[in-house]
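Look over the sequence and the model first.

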Amino acid sequence: MTSRSSAADEEQWSTVIPNTGTSSRGEIRRCSDPLCSPQIGHHGSLTMYEAFRHGQAINPLGPCLGFRAVSTNGMATPFIYSTYTEVLARVNNFAAGLDTLNLVAPTEDGMTLVSGTAQ
């Protein structure tokens, strides 16, 4: 790894979010431009959930999550897919369970990350 000069450090493309690193992974980094907002996917989705909902809106009955079963003779079967609508129902039910059992603490603004509603 090469060392960088302090002048180069001032021109970094990203900044470290404090207190986000652990012993097993590095710090989270964000764009250093304060006018830049994080965007992923189409239509400016800010979360994976929003991006997934967009996919579900486009093709609700399309194949989304698949697996291959193993037959009794030990051979893998063709993929078996759940649709976007089926997977969305599973995601929402799982999130509701986490919320009902109070397994996710509310954020500073009172929102729970799994339900998106204030408590």
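How many aromatic pairs does the count come to? The count comes to 2 aromatic pairs, where rings of Phe, Tyr and Trp (its six-membered ring) pair if their centres lie within 6.5 Å. The model is predicted: local features need pLDDT of at least 70, side-chain atom pairs count only at pLDDT 80 or more, and totals for chains, interfaces and linings use all residues. Residues are numbered from 1 along each chain as its sequence is written, and side-chain values use heavy atoms, without hydrogens and water.

**The ring pair**
- The ring centres of F52 and Y84 are 5.4 Å apart and the planes stand at 35°, so the pair is tilted (stacked is under 30 degrees, edge-to-face over 60, tilted the rest).
- F52 sits in helix α2 and Y84 in helix α3, so the pair ties together parts 32 residues apart in sequence.
- F52 is buried at 18% relative accessibility, while Y84 is partly exposed at 22% (buried is under 20% relative accessible area, exposed over 50%, partly exposed in between, with a 1.4 Å probe and protein chains only).

**The helix crossing**
- Helix α2 covers residues 48-58 and helix α3 residues 84-100; their axes come within 9 Å and cross at roughly 150° (axes are lines fitted to C-alpha atoms over the stretch in contact, with angles from 0 to 180 degrees between N-to-C directions).
- Helices are DSSP runs (H or I, at least four residues), numbered from the N terminus.
- The contact residues divide into 6 nonpolar, 4 polar and 1 charged (Ala, Val, Leu, Ile, Met, Phe, Trp, Tyr, Cys and Pro count as nonpolar, Asp, Glu, Lys and Arg as charged, the others as polar).

**Q56**
- Q56 lies in helix α2 and is buried at 15% relative accessibility.
- Beyond its neighbours within four places in sequence, Q56 is in contact with Y84, T85 and L88 (heavy atoms within 4.5 Å).

Terms used. Helix = DSSP H or I, 4+ residues; strand = E, 2+ residues; numbered from the N terminus.
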